[in-house]
Amino acid sequence: MKKILVLKIVASIAFVVMMVSLFKMIKHRQYRNQEIAANSFTTFAVIEKLAPRARRDVILEEDLVYFYFEKNDSVYHKIKHLSVNGIKRLEIKAGTSYPITVSKSNYNIYEIDFTKSVPAVE
């Protein structure tokens, strides 16, 4: 009887923690979308380096895209995490440019569109 009660309490606590985490993820996504929609600028990101199937943990792998964009004579370097084979699926090549929308207040909030490439001008 005690074991069943303990299992129910543990399950209830796990459910509450899971729901709180889900709520925080949804609110964070809404904040990012609102920030991009209301207060952003559009520029071009240039792909510097591609790292397909880079190790994230002992088991997990992901594709990494290293890129940079310029704003007010400053260069900002960023990393985009993609699922495995994301580089191959989207046909991303080093040295090409893609449009990027960046929040004016926080340059870590951005959306990059890998479907519309523009040849890089050097």
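**Checking the labels on this predicted model**

Q: How many salt bridges does the count come to?

A: The count comes to two salt bridges, a salt bridge being a side-chain nitrogen of Lys or Arg within 4 Å of a carboxyl oxygen of Asp or Glu. This is a predicted model, where local features need pLDDT of at least 70 and side-chain atom pairs count only at pLDDT 80 or more, while totals for chains, interfaces and linings use all residues. Residues are numbered from 1 along each chain as its sequence is written, and side-chain values use heavy atoms, with hydrogens and water left out.

Q: What makes Arg-53 and Glu-61 a salt bridge?

A: Their closest N and O atoms are 2.8 Å apart, which is within the limit, so the pair qualifies.

Q: Why are Arg-53 and Glu-61 called partly exposed?

A: Buried means under 20% relative accessible area, exposed means over 50%, and partly exposed is in between (1.4 Å probe, protein chains only). Arg-53 has 45% and Glu-61 has 24%, so both are partly exposed.

Q: How do you know that Lys-116 and Asp-113 meet in a salt bridge?

A: The N to O distance between their side chains is 3.8 Å, so this pair also passes the cut-off. Lys-116 is exposed because its relative accessible area is 54%, whereas Asp-113, at 25%, counts as partly exposed.

Q: Why is strand E4 described as largely enclosed?

A: Seven of the eight residues of E4 (residues 96-103) are buried, so the rest of the structure largely encloses this strand. Strands here are DSSP runs of at least two residues, and helices (H or I) are runs of at least four, numbered from the N terminus. Beyond four places in sequence, Val-102 touches residues including Phe-41, Phe-69 and Tyr-110, where contact means heavy atoms within 4.5 Å.

Q: What makes E1 and E4 a pair of strands?

A: Pairing takes at least two DSSP bridges between two strands. Seven bridges join E1 (residues 40-55) to E4, and the two run antiparallel; Ala-45, for instance, has Tyr-98 as its bridge partner in E4. E4 is also joined to E5 (residues 110-112), antiparallel, by three bridges. These two strands form a hairpin with six residues between them.

Q: Which residues have the most contacts inside the largest nonpolar core?

A: They are Phe-67, Ile-92, Ile-100 and Phe-114, in a core of 16 residues. E1, E2 (61-71), E4 and E5 each supply at least two residues of this core. Phe-114 is in contact with Ile-47, Leu-82 and Tyr-98, among others beyond four places in sequence.

Q: Why is Met-25 called exposed?

A: Its relative accessibility is 57%, so Met-25 counts as exposed. Met-25 sits in helix H1 (residues 2-38).

Q: Where does Glu-48 lie, and why is Glu-48 called partly exposed?

A: Glu-48 lies in strand E1. Its relative accessible area is 39%, so the partly exposed label applies. Not counting residues up to four places away in sequence, Glu-48 touches Tyr-66, Phe-67, Tyr-68, His-77 and Ala-94.

Terms used
A nonpolar core is a set of buried Ala, Val, Leu, Ile, Met, Phe, Trp, Tyr and Cys residues joined through side-chain atoms within 4.5 Å.
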